Amino acid sequence: MNFEIAVMQVFNGVSLFTILLLMAIGLAIVFGLMGVINMAHGELMALGAYMTYLAARFFEHFAPGLMDLYLFAAIPFAFAVTFAFGYLLERGFIRFFYDRPLDTLLATWGLSLMLQQAYRSIFGAQEVSVPLASWLAGAWEPTAGIQLPLNRIFIVGLTALVATGVYLLLYRTPWGLKVRAVTQNRAIAGAVGIDTHRVDAMTFALGSGLAGIAGSVFTMIGSTNPGTGQLYIVDSFIVVVFGGVQSLVGTALSGFSIAQSQTWLEYLMSGSMAKATILLLVIVVLYFRPNGLFAIRSRS
């Protein structure tokens with residue numbers, strides 16, 4: 001293997017990592033805080049993708065001259081819609097299933113089927129796609145033989161920005177302190193005056209909004225259909241569990257290691273064998289470390 005191929009493989013792994021991280025970080029926040037196994041998280045990603053599609057159609061009809069800039073409006077729009085939908089979903093549905101993980105799994109799985117059917121009814125069963133901005137077309141060639149797609153470079157930069165924002169929000173703000181307090185010990189947090197129900201709602205909404213950003217990013221590399229969210233939901237759960245529930249650093253490191261492993265194994269063998277090998281490795285690791293590689297201590 002020459003140097004150019006190695007660089008391309010590493011970059012492909014980073015590209016896959018960014019998608020997994022955007023999906024898994026929202027899932028990790030919700031799963032770690034509330035213990036909710038949200039099987040509809042993938043459909044929230046699909047909702048963000050469809051909102052990006054609607055934003056692109058709006059710009060096509062009413063501001064065609066600004067199509068190169070539509071992403072800067074579509075991504076916040078996708079986040080806002082999925083954030084609001086997640087807040088309403090938690091208040092009207094999820095909160096009734098706390099402390100019942102199996103019921104939560106079945107209820108959110110049923111919700112995912114309902115959302116998929118809703119997408120089919122509204123947008124149709126066929127795939128939809130959005131135009132790629134002209135400044136994201138093509139590739140950057142740092143040296144001869146190495147081509148790095150501009151759209152994936154943009155995704156990497158956006159993911160770094162989002163991850164930094166989430167870190168600052170959770171570790172540098174009073175609200176983040178409340179979230180971490182509820183995560184470590186819900187009863188004591190409530191006893192000292194923290195409104196745990198509001199923290200739950202806002203945290204679930206944040207996780208939903210992050211899934212919406214992931215869906216918006218997904219439109220840059222693929223088309224969207226009602227089953228789009230199912231492509232990444234299993235991998236996202238694997239990333240969260242492998243890294244350690246309640247550990248955002250663990251989620252990031254887990255996502256990076258799984259993405260790089262999958263990329264290199266797919267280069268050496270078939271895609272299905274690569275996924276099977278990774279799943280086997282994850283099972284072996286979790287057998288010896290059931291709480292994940294980077295699990296944090298919890299007072300509860």
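Arg 91 and Glu 90 form a salt bridge (a side-chain nitrogen of Lys or Arg within 4 Å of a carboxyl oxygen of Asp or Glu), and their closest N and O atoms lie 2.8 Å apart. Glu 90 is buried (under 20% relative accessible area, with exposed meaning over 50% and partly exposed in between, for a 1.4 Å probe and protein chains only) at 0% relative accessibility, whereas Arg 91 is partly exposed at 27%. The structure is a predicted model, in which local features need pLDDT of at least 70 and side-chain atom pairs count only at pLDDT 80 or more, while totals for chains, interfaces and linings use all residues. Residues are numbered from 1 along each chain as its sequence is written, and side-chain values use heavy atoms, with hydrogens and water left out.

By the rule stated above, the count comes to 4 salt bridges. Another of them joins Arg 186 to Asp 200, with the closest N and O atoms 2.8 Å apart. Because Arg 186 lies in helix H7 (residues 186-191) and Asp 200 in helix H8 (residues 196-218), this pair ties together parts that are 14 residues apart in sequence; helices here are DSSP runs of H or I with at least four residues, numbered from the N terminus. Arg 186 is partly exposed at 32% relative accessibility, while Asp 200 is buried at 1%.

A salt bridge also links Asp 235 and Lys 275, at 3.2 Å from N to O. Since Asp 235 belongs to helix H9 (residues 230-243) and Lys 275 to helix H11, the pair ties together parts that are 40 residues apart in sequence. Asp 235 is buried, with a relative accessible area of 18%, and Lys 275 is partly exposed, with 39%.

Definitions and conventions
Helix = DSSP H or I, 4+ residues; strand = E, 2+ residues; numbered from the N terminus.
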